[in-house]
Amino acid sequence: QVQLVESGGGMVQAGGSLRLSCASSGLTFRNYAMAWFRQAPGKEREFVSGASRSGIYTVYADSVKGRFTISRDNAKNTVYLQMNSLKSGDTAVYYCAAALQFGSTYSNPWRSDDYNVWGQGTQVTVSS
């Protein structure tokens, strides 16, 4: 059974940090580009960050550049999102997603439709 399970969400004050984890099972993790999306109430799901299959190439939404860092451990089949300097605008449900179709350089990773497998999401709430 293919599965992505997110953890690490919670409530934090503005300026604080959280680290999200996404553990995979049932898929050959190293073959998948991995990404984090988020969805706030009343808004569309948006791309946050992603990493190529090797982890060499990473991409960030402008809104999180310099504050969030994505990393992956292919030996542990896990991808992480370190979130620092959190703002109230970061409040959302964060989803982990996996995609087979990207090349090694992970170009144009923004579309949620390009991702084949999704986690159930983890809530991040930032209080001001």
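This is a predicted model: local features need pLDDT of at least 70, side-chain atom pairs count only at pLDDT 80 or more; totals for chains, interfaces and linings use all residues.
**Entry 1: tyrosine 94**

I started at tyrosine 94 and asked which residues it is in contact with, skipping neighbours within four places in sequence. My list reads Glu6, Leu20, Trp36, Phe37, Arg38, Val48, Phe68, Leu81, Met83, Gly121, Thr122 and Val124.

**Entry 2: the cores**

Next I looked up the largest nonpolar core, which has 29 residues. Tyr94 is among the members that touch the most other members, together with Met34, Trp36, Leu81 and Met83. I then checked which elements give two or more residues to this core, and I wrote down β3 (18–25), β4 (33–39), β5, β7 (68–73), β8 (78–83), β9 (92–99) and β11 (122–127). Which element gives the most? That is β9, with 4 residues. I also found a second, separate core of 10 residues, and its members include Phe37, Phe47, Ala97 and Phe102. I jotted down a general point here: in soluble globular proteins, nonpolar side chains tend to be buried together.

**Entry 3: the disulfide**

How many disulfides does a search of the whole structure find? I got 1. It joins cysteine 22 to cysteine 96, with an S to S distance of 2.1 Å. Cysteine 22 sits in strand β3 and cysteine 96 in strand β9, so I looked at the spacing: the pair links distant parts of the chain, 74 residues apart. The torsion about the S-S bond is about -80°, so I noted this disulfide as left-handed. Both cysteine 22 and cysteine 96 are buried.

**Entry 4: salt bridges**

I counted 5 salt bridges.

When I followed the shared partners, salt bridges joined Arg38, Glu46, Arg67 and Asp90 into one network.

For contrast I picked the salt bridge between lysine 65 and aspartate 62, with the closest N and O atoms 3.2 Å apart. Lysine 65 and aspartate 62 are both exposed.

**Entry 5: the open sheet**

I traced an open sheet of 4 strands in the order β1-β3-β8-β7, with antiparallel pairing. Which strands stand at the edges? They are β1 (3–7) and β7; each has a single partner strand, so one side of each is left without a neighbour in the sheet. The twist averages 15° from one strand to the next. Zooming in on β1 and β3, I found 5 bridges joining them.

**Entry 6: around β5**

I turned to β5 and found it mostly covered, with 5 of its 6 residues buried. β5 is joined to β4 by 5 bridges, and the two run antiparallel. Phenylalanine 37 has phenylalanine 47 as its bridge partner in β5. β4 and β5 form a hairpin with 6 residues between them, and glycine 42 in the turn has a positive phi of about 80°.

On to β6: β5 and β6 pair in the antiparallel sense over 3 bridges. The bridge partner of alanine 51 in β6 is threonine 58. This pair of strands forms a hairpin with 6 residues between them, and glycine 55 in the turn has a positive phi of about 90°.

**Entry 7: serine 52**

My last stop was serine 52, in the loop between β5 (46–51) and β6 (58–60). Is serine 52 buried or exposed? The relative accessible area comes out at 0%, so I put it down as buried. What does serine 52 touch, not counting residues up to four places away in sequence? I listed Ala33, Tyr57, Arg72, Ser104 and Tyr106.

Notes. Residues are numbered from 1 along each chain as its sequence is written. Side-chain values use heavy atoms; hydrogens and water are left out. Buried means under 20% relative accessible area, exposed over 50%, partly exposed in between (1.4 Å probe, protein chains only). Contact means heavy atoms within 4.5 Å. A nonpolar core is a set of buried Ala, Val, Leu, Ile, Met, Phe, Trp, Tyr and Cys residues joined through side-chain atoms within 4.5 Å. A disulfide is a pair of cysteine sulfur atoms within 2.5 Å. A salt bridge is a side-chain nitrogen of Lys or Arg within 4 Å of a carboxyl oxygen of Asp or Glu. Two strands pair if DSSP finds at least two bridges between them. Axes are lines fitted to C-alpha atoms, for helices over the stretch in contact, and angles run from 0 to 180 degrees between N-to-C directions.
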